Amino acid sequence: MLRNMEASLTARDRVGIQDFVLLDAYTSETAFLDNLKKRFHENLIYTYIGTLLVSVNPYKELDNYSKKQMDTYMGVNFFELPPHIYALADNVFRTMLSEFNNHFILISGESGAGKTEASKKILQYYAVSCPSTRLLNNIRDRLLLSNPVLEAFGNAKTLKNDNSSRFGKYMDIQFDHQGGAVGGHILSYLLEKSRVVHQNHGERNFHIFYQLVDGGEDDLLRWLGLQRNCQHYSYLVQGDCAKVSSINDKSDWRTVRKALSVIEFTESDIEHLFGIIASVLHLGNIKFEADVRGYATLDNNQEMHWVSKLLGIPAQVLQQGLTHRKIEAKTEEVLSPFSVDHAVYARDALAKAIYGRTFNWLVNKVNESLANKDSSRKTVIGLLDIYGFEVFNVNSFEQFCINYCNEKLQQLFIRLTLKSEQEEYEMEGIEWEPVPYFNNKIICDLVEEKYRGIISLLDEECLRPGEATDLTFLEKMEEKIGGHPHFVTHKLADQKTRKTLDRGDFRLLHYAGEVTYCVVGFLDKNNDLLYRNGKEVMRQSKNAIIRHCFPSTEPDSKRRPETVVTQFKSSLVGLTEILMSKEPWYVRCIKPNEAKQPGRFDDVLVRHQVKYLGLMEHLRVRRAGFAYRRKYEIFLQRYKPLCPDTWPNWKGTAAEGVRCLIKHLGYKSNEYKMGRTKIFIRHPRTLFATEDAFQVCKHKLGEMLFCKPICNAEDSTRNLFRVKLLTVTVAATRIQAKYKGYRVKGDYLKQKEAATRIETCWRGLMARKEREKRSWAVKVIKKFIKGFMTRNQPACSENTEYLAYVRQNYLTRLKENLPKTVLEKDSWLTPPPIMQEVSKLLKQIYIRLMVKKYVRGITPQRKAQLLLKLQTSSMFKGKKENYPFSVCRPFLDTRISIEDINIKVLQMILHEQVKYSVPVVKYDRNGFRPRLRQLIFSLEAAYLVEEAKIKQRIDYSFLKGVSVSNLSDNFLILHVTCDDTKKKGDLVLQCDYLFEALTKLCVIANKQNCFKVVQGSIRFDIQPGREGFVDFKSGQESIVYRAKNGHLTVESTRTKSR
Ligand SMILES: Nc1ncnc2c1ncn2[C@@H]1O[C@H](COP(=O)(O)OP(=O)(O)O)[C@@H](O)[C@H]1O
Ligand SMILES: [Mg+2]
């Protein structure tokens, strides 16, 4: 299907010649125009001159920009398909990828010729055809959507073009080494700011104003204080054409709003941006009244309040800024009031400055969003779409700048095309004769030469003190450059010319034609002065964009900024440098009529453009040497069927093949030259003959395939050359076809046999491997089963491997399941019978190891504690019921700190060293009443203390025994040796820290053997000679009472032993 489409395209394109280089009458402008016209009327707007693309604006939508079309052109050679902007874009792209270098496409032509559209088509082609990922799609969307945004703010309707670019744009698209579009950068050139405050009849202000007023949402307009009526704003009505049928401001507004969010403008950016646009409109509506002295006044002006609100500048400050200027007197600054005219001038200057700087901010913002953060090396394709050559009825400073820019680009074009052509001949070793052409350098010099050029003269007038005016500038030009052949004024002109010039005019003979400039406003526009306090006022703004655009770091107006034209000149120098470092490609746009109408081809208009665009010269340069050139490989590949020696394959080098081929075709020696890598063909007709022969040959081959007889009466009338070629080719092809058939069949059988053989071998190999694997598995399983069956027999050859496996298995499992702590020692993995002995030994060793580790890990304090616990255990374990509960309670050094013992007591016993103290309840010997006391153990005795009194001292040598019950009470009885009946007897005590206190006593008093655990009753001496009893019982609850029998009875609850 694709092929069908291609075929029909090719057929359609046979209208006219698709490459001017093939035009026989290449010096004839008429022939050139005829070809262009013929194609234009067939909607074939593109024609090549070699690799340069000529494009004629169709002024209607054509159907050749579909995705399908893009696919068709992707990766196809230039000359194989009809000329198209996509073919050029694709070639640039592929050259960039294969040569890994930078390129630019210079799109030129006068205003309205289709430059901007062409640049958009190229960008769209890359957006669709380059490799894509999600990340890249993101960049792609931004690249595409940067266009409507910049166009809204930088384009306007002019008389020449409803969407005329009022700024120059150079855009770099950055590609990674795989061809993915990964970023972009835009440089903008000189925006025509004067449009903000003034438009000629039939022209509009920048689109964005109308889009906002027409398309802005109700809420937004209310917030901005705008009315939905362009007629209301004096900055929008001067051209008297706010509404244009070709422009849909409402839908453009929606596009711009969507684009802004894709390019990552925040809501606050957008709010501030439209705040600025609206405030420019309000500024334009501010009217000044004259007071009695003629000074401008501005009382309570509604519009001014809106500006103040939207820009966040105090009304007072703004009002003063609009009606006064600051003048520097000797030592101080004074405010001088404006006249009404002056105030209007200052207001407009402010509006222009605000808009112009906001536009630059916008470009920077777009650039931030397109920036590629990855630092790996990129190649770029630059697209230069700059304002085209422009001639109006009245031309001013802006046209002067625009046309100067076009002169510079033409100069670049001349240098680059001649240079590259010459280089190619040199490289290929072909002799080359220079071609004469008109070099516009003379005009560039006239404009830009240092000291003498128009720019220098203009700056001089702008900067010199004294009364410089536009007219003094004109006079200076007449004086300095009056004799220049490309410059004329009313005064300098001859009579005939004078009639066409006003007194304030000067005329330049540009490369593209004459343009008469009106000198009025040149000085002002070049100075672009914004009064100093205008800037100061803006610096107070709360609007973030305005603050950014009027930074406080800006040098103040004492030092004059560079004039506009000088800035522009330097930016063009910069641009030239950027372009010179890249490989050039050209699109030359032509405007078919001035009425923007489809289907109208104005011969005079087009002839003029063809002339000044230098197309004829370009063609001459291309043709002067050789019309066509092709790499040997490509030429041979295409035309080899035309010669039996080169068909189907040529064994030698491509150059030899081509030599053989053209010899066979009968090329004459003056018709071609053989370069180092290319063949150069002088006349198009030679190539035509070759191409036609090729087409016929292809056709005949097709017929033969469908077995049609070759009998075409026309054949005999065709020129001999072709017939001869054809016969040879057909014969060769027939033999070739048969031979090819046999060979292919033979090859096929051989390949089939080989494939089968390889497959058989491969399968055999795989099967053998599988069998080996299985027999090995059978052996292993058998051995395992036998081993298992004989596992309990003495070691023999049948079970050794199995038992080794069991051993290893047990040891491995044991290793993974060893007890983690000494306490888990019983969780030892059960061993298989053959490992029982080993397991036992291992267990012992391991436990010893763990114990050792544990012991090593304990601190001296803990050790002392444990020794005490050991002592307690030896005294009470298994004897007293509540002993187990004490085990987990750590022993402390003392239960009563030294501060809590009465000082008097301490003084009395301190020399004996207090070792341990504990609160106890003492039961009276008579009546067994409970009393709270402190029990203190010194090195020598036990003391029972009440506050400051020592109630009883028991020297350890008199301590004959200590008794406790076997139950779970906390009672202890200290038995004392006593002969003296007056002395106190044994002590019956209750202590919450019974085990701790007793252990301490045992250790301190060294009385291991006098502890007794008693069942039932304990007898004690109330006094020497008088006995008492304590009876111990188990009961429901713990109680202590004096029983009827006079015994102290202690009941304690039975505790479950652990
Ligand atoms: N290839 C094209 N197909 C259809 N219309 C076109 C084409 N090129 C230009 N135009 C029409 O011409 C108008 C002007 O083209 P534009 O590219 O803006 O001119 P320039 O940038 O050269 O001033 C466009 O708005 C569009 O209507
Ligand atoms: Mg444009």
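1. Shell of ligand 1. In this predicted model, the shell around ligand 1 is made up of 7 polar, 4 nonpolar and 4 charged residues. In total, 15 residues surround the ligand. The closest are Asn57, Gly112, Lys115, Thr116 and Glu117.

2. Polar contacts to ligand 1. A polar backbone atom of glycine 112 sits 2.7 Å from an oxygen atom of the ligand. For alanine 113, a backbone N or O atom is 3.3 Å from a ligand oxygen. Lysine 115 contributes through its side chain: a polar atom there lies 2.7 Å from an oxygen atom of ligand 1. On its own, ligand 1 has 550 Å² of accessible area, and the protein covers 86% of that.

3. Magnesium site. Ligand 2 is a magnesium ion. Its coordinating atoms are OG1 of Thr116 and OG of Ser165, at 2.0 to 2.2 Å. These two residues belong to distant parts of the chain, 49 residues apart. Threonine 116 is in helix α5 (residues 115-129), whereas serine 165 is in strand β5 (residues 164-165). Both residues are buried.

4. Hairpin of β6 and β7. Strand β6 (residues 168-175) and strand β7 (residues 181-189) run antiparallel and are joined by 8 bridges. One pairing to check by eye: methionine 171 has isoleucine 186 in β7 as its bridge partner. Between the strands are 5 residues. In this hairpin, glycine 179 adopts a positive phi near 95°.

Conventions:
Residues are numbered from 1 along each chain as its sequence is written. Chains are lettered from A and ligands numbered from 1 in the order in which they are written. This is a predicted model: local features need pLDDT of at least 70, side-chain atom pairs count only at pLDDT 80 or more; totals for chains, interfaces and linings use all residues. Side-chain values use heavy atoms; hydrogens and water are left out. Donors are N, O and S atoms within 2.8 Å of the metal (3.2 Å for Na, K and Ca); water is not among the atoms, so sites may look incomplete. Helices (H or I, at least four residues) and strands (E, at least two) are DSSP runs, numbered from the N terminus. Buried means under 20% relative accessible area, exposed over 50%, partly exposed in between (1.4 Å probe, protein chains only). A residue is near a molecule or strand if one of its heavy atoms lies within 4 Å of it. A polar contact is a pair of N or O atoms within 3.5 Å; within protein, one must be able to donate a hydrogen and the other to accept it, and residues adjacent in sequence count only if both atoms are side-chain atoms. Accessible areas come from the Shrake-Rupley method with a 1.4 Å probe; for residues, only the protein chains shown count as cover. Ala, Val, Leu, Ile, Met, Phe, Trp, Tyr, Cys and Pro count as nonpolar, Asp, Glu, Lys and Arg as charged, and the others, Gly among them, as polar. Two strands pair if DSSP finds at least two bridges between them.
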